[in-house]
Amino acid sequence: MRIYVDIDDVLCETAASLCGLAAREFDRHVEYENVRVFDLQQVFCLTDAEMARFAVLSHEPDCLKNFPLTEGAVEGLKSLRDAGAQVDILTGRPAASHQATEEWLASVGLGDFKVEYVDKYGRTFARHPDDPATVPLAALLQRQYDIAIDDSPVILKSLAGWSDTRVLVFDRPWNRSFALAPNMTRVIGWKGVLAACLPQS
Ligand SMILES: [Mg+2]
């Protein structure tokens, strides 16, 4: 069994942390439960200039390394691996975030999982020669995964065509209005992930 697992808001509490950043740095006060769309510029009512600064601040190593773990994520990933699954961590973060991302994974005990940077959102970022290669979305969709776990409605739209892959929609406020495709199942937390992936356990 080969499984794709996202990082932000699947392994860690990114949006909740960014609500804190928006409050501290931009005086925008939005409760996590009220993050109903995936576009944070819209959520926090940021001007283009504010959004540019928000994007920089939210990708600072100190920010990325302080995202709290999602409950059950570490045990969940290890359970999947112990059950014989090949688990690939596939993030839409820019490859430039690799050092902070990999330090965070190591700090929570997930340093031995493979992580790759996928151009999930068609964004272009400045690239340093030492950054790992970014996987194009089209290349990701050529791969064979039995299960994919993600929360972003943007990538979920692309995964709707991945008919041989069972897509687990990690329940978050911003994906609750997303219309699930036939290959999709909504899961609540890591208990839900494990129940879907390892139903016999
Ligand atoms: Mg995510």
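Visitor: Quick one to start. Which residue stands opposite Ile 147 in E6?
Guide: Arg 166 stands opposite Ile 147. Keep in mind that this is a predicted model.

Visitor: How many bridges join E5 to E6 there, and how do the two strands run?
Guide: Four bridges join them. Strand E5 covers residues 147–150, strand E6 covers residues 166–170, and they run parallel.

Visitor: What sheet do they belong to, and in what order do its strands come?
Guide: An open sheet of seven strands, with parallel pairing. The order is E4-E3-E2-E1-E5-E6-E7.

Visitor: Which strands stand at the edges?
Guide: E4 (134–136) and E7 (184–187). Each has a single partner strand, so one side of each has no neighbour in the sheet.

Visitor: How much twist from one strand to the next?
Guide: The average is 30°.

Visitor: What about helix H9, which strands does it lie across?
Guide: H9, residues 189–197, lies across E1 (2–5), E5, E6 and E7. Its angle to E7 is about 140°.

Visitor: New topic. How is the protein divided into domains?
Guide: Domain 1 takes 2–12 + 69–197, and domain 2 takes 14–64. Their C-alpha centres lie 21 Å apart.

Visitor: How many residues does each give to the contact?
Guide: Domain 1 gives 14 residues and domain 2 gives ten.

Visitor: On the domain 1 side, which elements give two or more residues?
Guide: Helix H6 (98–107) and helix H8 (153–159). H6 gives the most, with four residues.

Visitor: And how do the residues on that side divide?
Guide: On the side of domain 1 that touches domain 2, eight are nonpolar, four polar and two charged.

Technical notes:
Residues numbered from 1 in each chain as written. Predicted model: local features only at pLDDT ≥ 70, side-chain atom pairs only at ≥ 80, totals over all residues. Domains from an automatic or database assignment. Contact = placed C-beta atoms within 7 Å. Nonpolar A, V, L, I, M, F, W, Y, C, P; charged D, E, K, R; others polar. Pairing = 2+ DSSP bridges. Axes fitted to C-alpha atoms, helices over the stretch in contact; angles between N-to-C directions.
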